Amino acid sequence: MTAELDYQALHSAGASVVTSATDYPDGHVIPLHRHSCAQLLYATRGVMTVDAAAGRWMVPPGRAVWLQAHVDHQIRMHGEVGLRTLLLDVAMSPHLPARSCVLDISPLLRELIAAAHGNPAAHDADARNWHMLQLLLHELASVTVLPLYLPLPLAARLRSLCELLMATPGKQVTIETWAGQLGISTSTLHRLFLRQTGMRFGHWRQQARLLQAMEQLARGGKVAAAAQDQGYSSQSAFSAMFKKHFGSTPTAFYR
């Protein structure tokens, strides 16, 4: 979809929301692209990884990613993914999230998204669909933002380090070793990492491991295997960290 067609779709519908629904197989990749309007990508099943220059969002089933307009992004599917897309004109809805993020979808919002799909967008304030979409927008503005984002540094050296860490998550290498390979001190690495990502090095590496474990579990991987591959000493240690970070165990999270 080109940037111009996004707003054409909204304007031709005469509404602030236009919806679509598509199912994708495991491993499918939607190439790098952008939209001229904001969009909500909701996963009814499966897991999506959304990659942009500034970072990566992980979208588990029953959650959604909110993307601001003009964000170049690529989407990768893990497991069979049911994708529901909402194109939104933020000028019509000023209280929507101010930045791209992953959102927890409430039961009410889930039903509103399902009801919006297939119903013609209405601009008549007396129409049932118009009221339904207004409620959807109000509910969208109030849901919880989830910690399912991994920022990536723009500096070439640090970005190469992050890519290596993501490629070898189970590798037990100290920060002193990484700093030595970059030819800088550990204090400089800590300072640069915090400046570039807004996260401390250890926190970032932990976040990267947990999000990659989510991908692995979405593809049907076992919790024990995910724990081992991501460098945890035991399944219980991994499950405890997962619960601390996301509020539930891996099994309960996906259930």
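Guide: On a 1 Å grid over the protein atoms alone, a cavity is a set of points where a 1.4 Å probe fits but cannot get out; its volume is the space filled by probe spheres set on the points, which are joined across faces, edges and corners. This is a predicted model, in which local features need pLDDT of at least 70, side-chain atom pairs count only at pLDDT 80 or more, and totals for chains, interfaces and linings use all residues. Residues are numbered from 1 along each chain as its sequence is written, and side-chain values use heavy atoms, without hydrogens and water.

Visitor: How many cavities of 30 Å³ or more are there?

Guide: The count is two.

Visitor: What makes a residue part of the lining of the second largest cavity?

Guide: A lining residue has an atom within 4 Å of a point. His35, Cys37, Gln39, Leu67, Gln68, Ala69, His70, Val71 and His73 therefore count as its lining.

Visitor: Why are four residues of this lining called nonpolar?

Guide: Ala, Val, Leu, Ile, Met, Phe, Trp, Tyr, Cys and Pro count as nonpolar, Asp, Glu, Lys and Arg as charged, and the others, Gly among them, as polar. The lining has four nonpolar, five polar and no charged residues.

Visitor: What makes a set of residues a nonpolar core?

Guide: Its members are buried Ala, Val, Leu, Ile, Met, Phe, Trp, Tyr and Cys residues joined through side-chain atoms within 4.5 Å; buried means under 20% relative accessible area (1.4 Å probe, protein chains only). The largest such core has 52 residues, and a second, separate core has 22.

Terms used
Buried < 20%, exposed > 50% of the residue type's maximum accessible area, 1.4 Å probe, protein only. 1 Å grid on protein atoms, 1.4 Å probe; cavity = no way out; pocket = protein on both sides within 12 Å on 5 of 7 lines; lining within 4 Å.
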